[in-house]
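The exercises below go through one model, from its sheets to its cores and its confidence. Each task is followed by a worked solution.

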Amino acid sequence: MELAAQLIQQGHLCEAQLTLAERIQKQKGGNLLDIVVDLGFVDAKLAYDVVAQQSQTTRVHIATLRVDPRVAALIPYETSMRLKALALEVNQTTLKVAFANPLDLLAIDTVAQLTDMVVEVCVAPEKEIIAYLDEHFSSGHGVEESIDRAMAENVDHSKSWNSVDHTALDIQQADEVEAPVIQLVSKVISNAVRSGASDIHFEPDERVMRIRARVDGTLRQDVLIPKAMQSSVITRIKILADLDVAENRLPQDGRATLKYHHRTINLRVSALPTAFGENVVIRILDPESHIQDFKDMGMLEDTESELLHMAAQPNGVLILTGPTGSGKSTTLYALLKQISNLETSVFTLEDPIEHRMSLVRQTQINEEIGLTFSRGLRSLLRQDPDVILVGETRDQETAQLMIRAALTGHLVFTTLHTNDSAGAIPRLIDMGIEPFLLPASLIGVGAQRLVKKLCPQCSKIVEQPSPYRGFLARHAPEHADSPFWAAEGCEGCGMSGYRGRLGIFELMAINDAFHTAILRKEPSQMIQKIAVDNKMRTMFEDGLIKCSHGRTSLEELFKAIKTNDVH
Ligand SMILES: [Zn+2]
């Protein structure tokens, strides 16, 4: 097949992978491209670029197009879903339509006949098409309607559970026959997944239960639930996560797996007793979501090439530091994606596995059954790895094993909870690593934070407000007079002035200059000074560059970096 040949030619697919995909196709039928994407051989994003190229059509990104729902409705919802087609734009007698499969002539013909228009074909991933249709036309009830229906039923929810089928886990199929509470929970979760939320909080208050979702690092009020429904909502979640429904005085943790548009979503559920009932937090993990590349994350080109240079070393330890939620694992995934190939054996130990990657053997840490980082690492070293990712270095044993692995020819990536990159060295020494082992094993230490990205549609240039001006004059005189951008707010960004997040980074390459200080167990301030003398760009300076480019605001930068850490 031509497409497969093209993928092989461009080095995205190898013969062995194609042979397996064709074998599966012979057995089960289906589209070869979907099979190689499902097998994880080819990234979906890349696959659609190749499809567009091959079918000589344009690849469109539906999320950025602002499609008019009235245009989309020119193709009836059911037909759109069946054909995986979305009408985007009308131009006199021409209708621009995105197809998941632009080579499906029957689908194109059907749309042309149905609308009596000339169809201009372009390509978009099935997921994007379905996400749009689901958001605008899904026939199911909204969250508010589900609450109304549940209230109208006026039943004792705590007793009605036996009659309900709790095995229905496909959150898209929560239709009208199911109990309103099941629907409500499904809607809340699917709304959160669709808006890219990382967590959902179900918070019992004295008179209501509040549901909030964390999107781009900020909690947003989603909906309020009547107190009378609180226990049935919590019960439903506990059942999903296989928790003990009767236990409400002790904290509990569980997991659940849900289907959302053919994607598997993993949920980590935590229930904690509080004064007004159990507080439940659901962490959403979407292992099939697209892994960002360094550019998406806002990494400057010189930082990226330095990081890739470090990761190209045959052995040694590369550490990323930062608090929880600073985007460390996103950076590590992007790095693994860059370096994993058919010639390298890559293993990870993770807690949790946030993304699934092809060509990488990923192991979920499970401390309850004794599969700790250190035990996992010891076993993994017998699996002939080249590159190892240790999700987090928490204890002495893991730290020691990791250093030993680096000294015996392995490349190790890990994360540490320290404020900045300089802090990693005293921390490792505190954990019991002999200082003389570090110069030979440590390649580099990075640190990062996430800041909100200014909305490109409404941000505006401002004079520096005085508190910042004084600070910059003292600590970054080269920026003291430059203009900066500030948040304004428009419809596109929900009046917040920000859309999405980007990283600010620093990267400390360990060289001879550090050796004496490490052997003398100098404190982090001293290490930091050496790094700066070695021309390391600090996170603060990296952030200032991004402020001066209008990508984020000074406010966000100062929120992310504690100013007493600026040297
Ligand atoms: Zn805006």
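Two strands pair if DSSP finds at least two bridges between them. Helices (H or I, at least four residues) and strands (E, at least two) are DSSP runs, numbered from the N terminus. The structure is a predicted model, in which local features need pLDDT of at least 70 and side-chain atom pairs count only at pLDDT 80 or more, while totals for chains, interfaces and linings use all residues. Residues are numbered from 1 along each chain as its sequence is written.

**Exercise 1.** Describe the sheet that contains S12 and S13.

Step 1. The strand order is S13-S12-S14-S15-S11-S16-S19; this open sheet of seven strands has mixed pairing.
Step 2. Strand S13 (360–364) and S19 are the edge strands; each has a single partner strand, so one side of each lacks a neighbour in the sheet.
Step 3. From one strand to the next, the twist averages 20 degrees.
Step 4. Five bridges link strand S12 (residues 346–350) to S13 in the parallel sense. Thr348 has Gln362 in S13 as its bridge partner.

**Exercise 2.** Find the helices that lie across S19 and give their angles to S19.

Step 1. Axes are lines fitted to C-alpha atoms, for helices over the stretch in contact (two residues are in contact if their C-beta atoms, placed from the backbone, lie within 7 Å). Angles run from 0 to 180 degrees between N-to-C directions.
Step 2. Helix H13 (residues 301–311) lies across S11, strand S16 (442–454) and S19, at about 50 degrees to S19.
Step 3. Helix H22 (residues 539–548) lies across S16 and S19, at about 140 degrees to S19.

**Exercise 3.** Trace the pairing in the open sheet of six strands.

Step 1. The order is S7-S6-S5-S10-S9-S8, with antiparallel pairing.
Step 2. Strand S7 (218–226) and strand S8 (252–260) are at the edges, each pairing on one side only.
Step 3. S8 is joined to strand S9 (residues 263–274) by nine bridges, and Leu258 stands opposite Ile265 in S9.
Step 4. S9 and S10 also pair in the antiparallel sense, over nine bridges; a hairpin of two residues connects S9 to S10. Ala271 faces Val280 in S10.

**Exercise 4.** Which residues of helix H21 are buried, and which are exposed on the other side?

Step 1. A residue is buried if 20 or more other C-beta atoms lie within 10 Å of its own, exposed if 12 or fewer, and partly exposed in between; C-beta atoms are placed from the backbone.
Step 2. In helix H21 (residues 524–533), Ile527, Gln528, Ile530 and Ala531 are buried. They lie on the same side of H21 because they cover an arc of only 160 degrees around the axis, taken over the directions from the helix axis to the C-beta atoms.
Step 3. Gln525 and Asp533 are exposed on the other side of H21.
Step 4. The cover over the buried residues includes helix H17 (424–430), strand S19 (498–509) and helix H20 (512–519).

**Exercise 5.** Locate the nonpolar cores.

Step 1. A nonpolar core is a set of buried Ala, Val, Leu, Ile, Met, Phe, Trp, Tyr and Cys residues joined through C-beta atoms within 7 Å.
Step 2. The largest has 71 residues, and Val317, Ile388, Val390, Met402 and Val412 have the most contacts inside it.
Step 3. A second, separate core of 38 residues includes Ile75, Leu95, Ala98 and Val111.

**Exercise 6.** Where is the confidence lowest and highest among the elements?

Step 1. pLDDT is the predictor's confidence in each residue, from 0 to 100. The chain averages 87, and 93% of the residues score at least 70.
Step 2. Helix H10 (residues 143–153) has the lowest mean, 73, and strand S11 (residues 316–321) the highest, 97.
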